[in-house]
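Subject: Structure handover

Hello,

Here is the structure I promised to pass on. Please open it alongside this note; my findings follow below.

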Amino acid sequence: MARDSESLTRRDVLKTSGAAGAVGLAGLAGCTGGGGGGDSEYPALGNYPVEGDTVTFGFNVPTTGPYSSEGEDELRAYQLAVEHLNNGGGWVDDFGDLSGDGVLDYEVDYVEGDTATDADTARESASRMIERDDVIMFSGGSSSATAIAMQGLAQEERVLFMCCLTHSNDTTGKDCQRYGFREMFNAYMTGQALAPVVTEDYGSDLSFYQLYADYSWGQTQQESMRMFFEEAGWSEVDSVATPLGESDYQSYLSEAASSGADALFLNHYGLDGANSLSQAVEAGIDQDMEIVMPLYNRPMAQGASQAIEGIYGTIAWDSQIDNGPSNTFTEAFGEAYNGRVPSGPAQIAYAQTLQYAAAAERAGTFYPPEVISQLEGYEYDNIGMGAETMRACDHQAQRDIPIVRGLPESEQGDGQFFEVVNVTSRDDVGYACDEGPAADCELGDDGSE
């Protein structure tokens, strides 16, 4: 789908012709574009205006590395979203802003990239999408480090980035950007939601030991768990960093087992999470310590299999959440992929693609500042997680959070690996715009004149 890398793009023309060229292209947009994205009301910015009769989205996910299972499911959902935007189906039939006939009279095309679960690789791949393929929007991530890197690039290039799976507090905290929006809740919210449920079951006067992935997500995750569990009466014995992509956790687990702590928090994700949890249970640690897995997903749980029994955690979304949008997405995904049950990362990928498209339709243009204004403060109840708000101050969705507990292996199957024990209301989690991660957020400008 990507054009030849040696072909001359509109961005090449802008770079060589300067401001006068940009004004000229903006003036010609009404002739070269097809519909609201090619209007001449706004100046050239990022990859606006759109030329021709197609508009291109970029999907940049890990198809290699420790989070590749999540990335592959995200990619399935992105492809399904494009199919529905162009031809109807799924949520498109229920989103009042979408027609099922493209976006703003443009057919939607897409390009793909592999982040390799690496921030530098993710930025390079996203840069190619922007420079070579003229994407009007890109989305992706599974590692927060990759999402933060791509979001920073989006701000520099004035091309919107719709975050997919990123859970670090920093994404909508100190590293927030005007050109980035996040549907996924963050580590701070996970701590808020998880502590009351776990404390009610295990007690309020326990000690805990933490292992965490040594990058942005793991660092903010272990900080948030410490904060909210200590507020609940627990005490931390120690918190130890582990490398991203670690395969052998035996030495780390041995130290945890000998710490005397009552509980072990495994702040790992993807293949790393499946490995650390499986190895902990194989070592018999669950016989002497309670284990908590703060952030789960279906591919990760499937990889850990019997080890997840009774283990608490949070998830982005699950197909067993029974409401209209959830059931519609599960059915559409299954029809497209031979009965496959979608994961939480897939649901976010699909949702973020449609939310961008709907915002462009409401704006009547692809001009980024106008699309941003349609997303900021937007209230919605159409993606299966109840009433939500995309907050304007930090571009963080305020939403409910599912708390789950792993099922016994004998009860797993048909894409079900968890029991949903609680859906914590958004009214019980979150923070003001001058509190928590948001206190460090400065979004920057939108580049409009």
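Helix α8 (residues 270-282) lies across strands β8 and β9 (290-295). Its direction makes about 175° with β9. Bear in mind that this is a predicted model.

Both strands belong to an open sheet of seven strands. The order is β7-β6-β8-β9-β10-β14-β15, and the pairing is mixed. β7 (235-242) and β15 (418-424) stand at the edges. Each has a single partner strand, so one side of each is left without a neighbour in the sheet. From one strand to the next, the twist averages 20°.

Tyr 312 has Arg 405 in β14 as its bridge partner.

Another helix, α7 (residues 250-257), also packs on the sheet. α7 touches β6 (207-213), β7 and β8 (263-267). The direction of α7 makes about 165° with that of β6.

Now to a helix pair. The axes of α2 (residues 68-87) and α10 (residues 324-336) come within 11 Å. They cross at roughly 100°. Angles of 65 to 115 degrees count as roughly perpendicular, so α2 is roughly perpendicular to α10.

Which residues meet there? From α2 come Asp 73, Arg 76, Ala 77, Leu 80 and His 84. From α10 come Phe 329, Ala 332, Phe 333 and Ala 336. By class, the contact of α2 with α10 has six nonpolar, one polar and two charged residues.

Best wishes

How values were computed:
Residues numbered from 1 in each chain as written. Predicted model: local features only at pLDDT ≥ 70, side-chain atom pairs only at ≥ 80, totals over all residues. Heavy atoms only, no water. Axes fitted to C-alpha atoms, helices over the stretch in contact; angles between N-to-C directions. Helix = DSSP H or I, 4+ residues; strand = E, 2+ residues; numbered from the N terminus. Parallel < 35°, antiparallel > 145°, perpendicular 65-115°, else oblique. Contact = heavy atoms within 4.5 Å. Nonpolar A, V, L, I, M, F, W, Y, C, P; charged D, E, K, R; others polar. Pairing = 2+ DSSP bridges.
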